[in-house]
Amino acid sequence: MKQRYITTIFLLLFLFSIQYQQAQENLLSNFESYSKLPREVLFVHLNKSVYIKGENIGFSAYVLDKASKKTSQATSNLYCKILDKKNHIVKQQLLKVDNGVASGLFEIDSLFTSGEYKILAFTNWMRNFSEKNHFEQSITIIDPEKTQEIITKKVDLKIDAQFLPESGQAVVGFENVFGVIIKNNFGFGLPNVTGDIIDSQNNIVSNFKTNQFGIGQFILRPQKNVRYSAQYSINNKLYKTPIEYIKVTGQTMRLQNLREKIGLTISNSEASLIDKSKKYYLTIHNGDSIKSLDINFADQNQVLKIIPKNDLYQGINIITLFNSSENPILERLFFNFSNLEFLPIKKVENEKEGDSLSITLTFDKNEQKLIDNLSVSVLPYKTISYGNHENIISSTYLRPYVNGYIENSYYYFKDVNSRKHYDLDNLLLTQGWSSYSWNAISTKSPNYLFDFEKGITYTASINSNKSPVYFQYPTKVHDSETFFLKETEKVFSKDLFFPFEKEKLSFSQIEKNGKFKKPALFLQFKPSIIPKASFKEGFLLGNKKSTIFNSEIIPNISFDGIGKLQELDEVVLLKRRTNQRIEKIKNRSFGKVDFFTSDDQKKYPFLSAYISQNGYNVSEVEGVFSISSYRPGEPPPVIYFNGTLLTNYNMLYRMSVRNIDYVEINKAGIGSGPASRGGGVIKIFTKPFAGRANSTEVATSFNIPLTFKANKRYYAPKYYSFKGDFFKSYGVIDWHPNVTVDNLGKAKFKILDTGLSQIKLFIEGLVDSEKMVSETIELKID
């Protein structure tokens with residue numbers, strides 16, 4: 001009988017071991033499926049967080065691959081919105097992302113009034129995931145015609161105090177670490193709060209003190225059938241909060257930071273041999289990769305695992321304990337700073353240059369020229385208008401992985417030292433479960449519903465195909481293009497199309513005799529609207545100084561002229577851009593380049609006359625265009641029309657030069673490859689549709705439902721003075737969204753010379769595609 005009992009026990013343990021292994025493999029497989037789709041993460045650097053109506057919200061956006069932390073090359077479309085307190089869209093725009101970076105500007109116009117708003121930014125791809133990969137930030141806008149004085153808002157203090165056991169639960173009989181977080185009505189931590197932990201007999205068994213963010217911790221070994229409370233005083237008022245999440249049976253986990261290693265102590269209260277034989281396993285993941293460790297209590301109540309930090313992931317590590325049924329029991333977040341480096345600024349210099357101040361930042365940088373971009377906000381030294389809670393590092397390495405919000409998350413990544421390590425670990429101790437839901441990982445992998453977007457795709461359907469050649473006129477960033485269709489084809493399309501605001505898309509149909517005529521087309525665009533953002537709403541911290549608005553009218557404040565100034569800048573720059581374009585085209589050519597003006601229309605009635613005067617025999621007879629060389633035995637040239645190699649030249653028959661932008665004649669065929677056949681190359685490029693005489697007779701224009709926001713010059717308004725402490729140091733000086741670093745590691749930019757003796761620079765960005773820069777510099781003016 002005894003032998004049968006022992007055999008049964010061993011058989012059950014064997015079967016249990018098989019089930020345990022299968023459960024572990026299932027979980028790892030589920031995680032692999034869940035993390036298979038790559039993620040993007042987004043940081044937006046706002047020039048500040050408090051604005052006066054009439055100013056501009058300047059911002060730079062950095063789209064990064066979540067796993068590698070390098071700039072994302074997969075997305076070119078970025079959606080940005082401003083929402084009011086009721087989540088109504090006030091303004092929105094589409095921005096073009098180049099090499100992971102975009103910059104934009106919102107004008108604070110008549111659509112805004114005094115109050116709190118939210119900036120929301122995301123890519124289409126981010127809509128596939130539940131994690132916090134997008135960007136949100138609270139901003140304050142002040143209407144000076146309605147707000148004369150900003151005063152501190154006095155409200156009744158409401159306390160949100162939480163006492164949370166490490167890893168999610170505490171167990172009787174073991175030393176448990178509890179995290180403390182005490183906040184006010186607005187979500188900001190209350191600093192330097194001291195308190196005691198008392199038992200049901202009012203005996204003090206532990207104590208705590210919060211740091212500058214209202215976060216602390218204490219150690220407690222709870223006893224069975226004893227209740228515990230936290231007792232603390234704020235503004236001479238005594239508070240008492242019960243300590244919860246203490247269990248008589250179960251598991252708990254404690255993490256200790258041991259310099260080059262971490263120690264994980266996992267405790268199990270269960271005492272029977274069968275229960276202690278249950279197997280557990282520990283996973284460590286960072287959202288992209290996962291590792292697994294077996295945990296076997298055998299005949300002991302505690303298991304200690306020592307893990308070198310080199311075996312952990314850089315940045316966040318999500319440590320979870322599972323039972324054999326794939327159920328997560330405990331979870332702890334740990335941030336690994338080992339081998340994690342950010343690019344510091346070595347030197348800052350300033351020099352007066354006329355009415356401006358030139359600033360030079362020096363970095364340690366590789367010699368090769370890679371992608372880099374810095375955004376710089378320059379504000380008065382004592383400003384309180386810059387209340388952004390994140391920087392590029394915290395937004396990339398921390399925010400996407402935690403469920404809660406973090407006050408001044410940038411603090412943990414500036415001047416990193418052992419104190420910052422301790423404070424960040426204390427913060428993570430209070431965060432509980434990560435933003436990765438194990439239920440979602442086990443049951444539903446993200447669906448591929450939304451694509452990476454690169455520009456706009458248009459599809460043209462043809463109602464009549466009497467001629468198979470269609471000509472698209474050039475736009476701001478696209479050359480003209482010719483589509484050659486087979487007789488049976490009724491559709492043509494274009495990807496990677498980047499139209500900008502107020503642009504239209506125009507087409508002509510080219511007949512066999514080369515004449516242009518209006519086409520009969522139907523166009524569809526994708527995307528055609530800015531999509532809805534269905535991200536889970538979270539709590540957003542605003543500027544730390546809570547304010548109320550005393551509505552009084554200030555008669556002498558005017559913002560007239562801002563729009564006119566912008567228009568003047570565009571007009572002044574237009575001619576300069578045109579000259580730069582001509583020079584750029586001529587410099588890259590191996591032959592002769594002629595741009596056609598209105599005078600050329602009188603000189604050359606048709607394109608054939610111009611080509612004849614440049615060394616070729618041209619014949620135009622009954623709709624046939626033919627060309628040959630003056631030199632006997634030399635092959636004819638090849639001809640490209642808007643980048644397309646022509647196999648039949650009849651479309652050039654009696655073509656007016658009024659349609660021509662420029663012609664490049666390369667008689668030697670240098671740089672044109674074997675296609676020239678030794679007879680040289682002629683490249684013909686047509687003019688944009690807009691502004692050409694009688695163009696409406698030969699072209700059809702289409703409105704584009706969704707276009708990219710064009711970059712505009714940032715306008716820095718004059719300094720405004722208001723009553724109250726809030727605005728004594730307020731006023732924007734300058735905003736630089738795109739500062740590059742040269743091969744010597746120097747970044748240079750100019751700001752307005754305001755006469756201030758001391759300013760503050762808020763610098764965010766990337767150097768060499770992946771080296772993150774986040775600095776706040778107090779600069780004395782020489």
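1. Strand β42 (residues 660-666) runs antiparallel to β43, and 6 bridges join the two. Across this pairing, I665 stands opposite I682 in β43. Strands here are DSSP runs of E with at least two residues, and helices are runs of H or I with at least four residues, numbered from the N terminus. Two strands pair if DSSP finds at least two bridges between them.

2. A word on the basis: this is a predicted model, where local features need pLDDT of at least 70 and side-chain atom pairs count only at pLDDT 80 or more, while totals for chains, interfaces and linings use all residues. Residues are numbered from 1 along each chain as its sequence is written, and side-chain values use heavy atoms, leaving out hydrogens and water.

3. Strand β43 (residues 681-686) also pairs with β40 (residues 638-641). These two run parallel, with 4 bridges, and K683 in β43 is the bridge partner of Y640. Of the 6 residues in β43, 5 are buried (under 20% relative accessible area with a 1.4 Å probe, protein chains only; exposed is over 50%, partly exposed in between).

4. Now to the nonpolar cores, meaning sets of buried Ala, Val, Leu, Ile, Met, Phe, Trp, Tyr and Cys residues joined through side-chain atoms within 4.5 Å. The largest has 93 residues, and I57 and F492 have the most contacts inside it. Strand β3 (residues 56-65) gives this core its largest share, 6 residues. A second, separate core of 29 residues includes F596, L607, L652 and V698.

5. I57 deserves a look in the viewer. Leaving aside residues up to four places away in sequence, its contacts (heavy atoms within 4.5 Å) include L46, Y51, I82, F106 and I139.

6. Which residues form a nonpolar patch on the surface? They are L258, L304 and I306, with about 280 Å² of accessible area together. Patch residues have over 30% relative accessible area and no salt bridge, with nonpolar side chains (Val, Leu, Ile, Met, Phe, Trp, Tyr) joined within 5 Å and like charges within 9 Å; a salt bridge is a side-chain nitrogen of Lys or Arg within 4 Å of a carboxyl oxygen of Asp or Glu. L258 lies in strand β19 (residues 251-258) and counts as partly exposed because its relative accessibility is 40%.

7. Finally, the whole chain: the secondary structure comes to 8 helices and 48 strands, and 52% of the 782 residues count as buried. The protein chain exposes about 38,100 Å² (Shrake-Rupley method, 1.4 Å probe), with carbon and sulfur atoms supplying 48% of it.
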